[in-house]
Each structure stands twice: as C-alpha cells, then as structure tokens.
Amino acid sequence: MNANLESLYKIAQKPSRTIIGLMSGTSLDGLDVALCEISGSGESTEVRLVQFDTVDYSEEIKSEIRTVFAKQTIDFQKLVLLNEWIGVLHANMILECLERWGIPTNKVDLVASHGQTVFHAPKILHQQDKFPNATLQIGDGDHIAVKTGIITLSDFRQKHLAAGGEGAPLAVYGDYFLFGKKGENRIMLNMGGIANFTYLPSSSSPEEVFVTDTGTGNTLIDAFTRLSFPDKAYDKDAEIAKQGKVNNSLLEALKADEFFLASFPKTTGPELFNIEYVRKAQTESNTNDISVEDLLATLTRFSAETIASAIHTAINNTTYSAESFTIYMSGGGAHNPLLVSWLKELLPCTFSNTDSLGISGDAKEAILFAILANETVSGGTSDFGTRKGIPSVSMGKISFPS
Ligand SMILES: Nc1ncnc2c1ncn2[C@@H]1O[C@H](COP(=O)(O)OP(=O)(O)OP(=O)(O)O)[C@@H](O)[C@H]1O
Ligand SMILES: CC(=O)N[C@H]1[C@@H]2OC[C@@H](O2)[C@@H](O)[C@@H]1O[C@H](C)C(=O)O
C-alpha cells in the first residue's frame, strides 16, 4: 500500500483525531485556526477545542485578495498567483500557531482547509440556465500538505455542488451533529460577513432540519465603515451606527431585492451585497446625501430585519411557536450590540450564544471544517433525507505531503 494511504488508514482508525480546522471568511479579517480533538462521527461526533487563534491578515494580504474578491472582471494572472500564495500563507500561519502553542506538527493528524472564497455564484445570482451553481475557493491544499507535512483536506464545497447543493452553507453538518437536541427547538445563527442559520427543531429529524443564508450580516456595514473611515476595519461596538437614525425609505429599497423572496435554502455573498447594491437603493429612494451615521444605522437595521424575517418565515412554516426557540448566536456580528438588540426586539425567541453550549462562537466555522474532514476520513454519509440543499455526501479533496 502507498505509505500516504497507509498513514491515512491508520488515522481513520484512531479512537480520536487531532485536526486543525481553517476558515477565512468573507470579512477578510484573518485566518481562524482551530486545533480540535475529535472522536466519533456523525451524530456521535464529540469535539474538544484545544487551541484557537485568529491570525490577522496584514493590509497587504487584504488588499491583494480584494483585487479579485467578488468581482466580475479581474486580472486572471493575479487569481492564479493568489491561489498558490494563499496556500503558502495559510501553511505558514498553521506553523506559526503550532510553534506558539508548543505543539509539534507530527502530533496533528489532519488539516481541514476551507480556503478563501473569491466568488460565489449560485444560479439565483448568475441566472444562466446552462450553468450549474458554482463557487470558487482558493489557497491550494497541496501547498499546506507539503509545507506542514500534514495530510490536508480542502475544497469542501465542490462535492456539495456536484451533489446538487449550492456549495453552502455547510454549517448544518456541524450544527446538526453537535447541537441537534431532541426536545429543544434551536436555531444556530451565524453572523459573519453573510448571515446564515441552521434550523434544528425539537424532533431533531433530518427531514425538518435545514440551513440557509439570510443575506448580509456585516459585509455592508464593514464596507461603508471602511469607505468613510479608512483606518477602521468595522464599526466597533456599533459606535457610529448608534449615533445615526434608520432611514426607512432606504431600508425599504434595500429589502426589495428578489433574493429575499426566494424560498429556502438559498445562498448569497458580497457578489450581490456590495457597495453598488447600496448605491442603487440610495438612488431609488432618493437618499444619496444621508450621513454616514444614518447610513450605518440603516445597514445595521437591514441586517437585523432580514435575519429576523427569515427566522420568522422558517418558524411560521411549522407548528412550533416562536417563543419555544432558542437562538444561539455566533460569528463577529454577535459582538455588535446594536444588531443584537434589534434582533431581540424583532424576535420573541430566547437568545443565547454557542459558547453556552461549549463551543466558541468565533471558532465555530473553523471547527466545522475539522468536523467535515473527520467525517470524510472516518465517518459516513450522514442521512439528511431528501431535503434539498443538504446532500448526504463526504466532502474535501485529500492532499498528501509527499
Ligand atoms: N465588537 C464588534 N462590534 C461590531 N462588529 C463586530 C465586532 N466584532 C466583530 N464584528 C464584526 O464581525 C466581522 C467578522 O466576523 P466573522 O469573522 O464572523 O466573519 P467571517 O467569518 O469573515 O464571515 P463569513 O462567516 O460570512 O464568511 C467584522 O468584520 C465585524 O463586522
Ligand atoms: C461561499 C461561502 O464561502 N459562503 C460562506 C459565507 O460565510 C457565511 C455564509 O456565506 C456561508 O454560506 C458560508 O460559510 C459557512 C462556513 C458555511 O458554509 O456554513
């Protein structure tokens, strides 16, 4: 047997595996690195987060990624160069973390790398019948495997697409395995650049569970903060938005997109929710000259209302009462006090965060990829019934170090 396959075979049979999950999301703030100890698989998966760090992206890395990020027209050579460069950077970031944590590379069984999404194009966005749903993550896994010497799984979204999904959100696989609980109505709400939630009703039945994006989380707030205050990456603690007033005409124009009428599950990204999207809504609502404070208040309200409306729709489609649900928040938006206070005003549910369930909300997405790799190496194809958007598949391409 090939020596690489033999070592993978041994890893697959271990009672527990040490897996590094990596996620760098649409906010481009940095690389989340989660060192996990994982045992079991599927619904009996157990995860212990041993170490977690976000390695901040330098201004150089952010601006290089932004040259191709969510853009229709790009320098094609730059995309090719970035695919390799990000792979190397991510490998170095893993090595930095391991050194800081005092953990040798040979103690790690697997790396699970999401890569950097550069363009997400579900049919609802590209609207070209002959082309399927599509998405592209860069930062090649081979660089990570060769540089770290650790078997690496990467490019998880392509199998999901091949099996009929939109390539996202994948959160459901981790949320259902870790947080699905018979007898409790739970919603796992992640507010990153884009917001999404996993619906976990008390039946815990795979037939009822689903996951969907809701629209923008922080991406528009971040973009307009950066535009007016180039030294700020985001509106920390909603300090700017809190000084403004929601402009209702603009809010209605922002909510008018057909994405909000489409049924679940659906996915989106900054390819739709970007500066041009807001400028168009401002022109339509004659609000081009509103202050940056009012604009940020309105964009924060836009996130709150669209998240709340999607959750209302999900609950209204069932016989459960809204009051019986607990919403477990995660992602950077859970740190935005204005967004959270508006969500609490708009939804009669109980609010908590994933930390109260023993999983750090900031680490949750990186942990998800460690779980997906664990599933591929030693689990199965967990059955999500026939529900659209959650194919029962194993995901990730395997890169060997040699
Ligand atoms: N204290 C805070 N106040 C306001 N907003 C905050 C705060 N802390 C974090 N955020 C927001 O969270 C964002 C980062 O969120 P996160 O890391 O979850 O996004 P991401 O993983 O890149 O996105 P996605 O999940 O869409 O891929 C920041 O850009 C900022 O908008
Ligand atoms: C294409 C892509 O990278 N999508 C991300 C993004 O960030 C949040 C939301 O949009 C979600 O759909 C997804 O990531 C998480 C990890 C997911 O797949 O569940």
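Student: In which element does threonine 313 lie, and why is threonine 313 called partly exposed?

Tutor: This is a predicted model, and in it threonine 313 is placed in helix α11. Its relative accessibility is 36%; buried means under 20% and exposed means over 50%, so threonine 313 falls in between and counts as partly exposed.

Student: How far is threonine 313 from phenylalanine 400?

Tutor: Their C-alpha atoms are separated by 45 Å, and the two residues are 87 apart along the chain.

Student: What makes asparagine 185 a buried residue?

Tutor: Asparagine 185, which belongs to strand β7 (residues 185–191), has a relative accessible area of 9%. Since the limit for buried is under 20%, asparagine 185 is therefore classed as buried.

Student: Which residues are in contact with asparagine 185, leaving aside its neighbours within four places in sequence, and what makes its pairing with serine 324 a polar contact?

Tutor: The contacts of asparagine 185 are Leu200, Pro201, Ser202, Tyr320, Ser324, Phe325 and Thr326, once neighbours within four places in sequence are left aside. With serine 324, the side chains are joined at 2.9 Å, and because a polar contact requires N or O atoms within 3.5 Å, that distance meets the cut-off.

Student: Why is helix α8 described as largely enclosed by the rest of the structure?

Tutor: Helix α8 (residues 219–228) has ten residues, of which seven are buried, so the description follows from that count. The buried residues are Thr219, Leu220, Ile221, Asp222, Ala223, Phe224 and Thr225, and the elements they pack against are β8 (194–200), β9 (210–216), α10 (275–284) and α11 (292–316).

Student: What distances place polar atoms of aspartate 29, aspartate 237 and histidine 335 beside ligand 1?

Tutor: A polar side-chain atom of aspartate 29 is 3.2 Å from an oxygen atom of ligand 1. For nitrogen atoms of the ligand, a backbone N or O atom of aspartate 237 lies at 2.8 Å, and a backbone N or O atom of histidine 335 lies at 3.4 Å. Taken alone, ligand 1 exposes 650 Å², and the protein buries 88% of that area.

Key. Residues are numbered from 1 along each chain as its sequence is written. Chains are lettered from A and ligands numbered from 1 in the order in which they are written. This is a predicted model: local features need pLDDT of at least 70, side-chain atom pairs count only at pLDDT 80 or more; totals for chains, interfaces and linings use all residues. Side-chain values use heavy atoms; hydrogens and water are left out. A polar contact is a pair of N or O atoms within 3.5 Å; within protein, one must be able to donate a hydrogen and the other to accept it, and residues adjacent in sequence count only if both atoms are side-chain atoms. Accessible areas come from the Shrake-Rupley method with a 1.4 Å probe; for residues, only the protein chains shown count as cover. Helices (H or I, at least four residues) and strands (E, at least two) are DSSP runs, numbered from the N terminus. Buried means under 20% relative accessible area, exposed over 50%, partly exposed in between (1.4 Å probe, protein chains only). Contact means heavy atoms within 4.5 Å.
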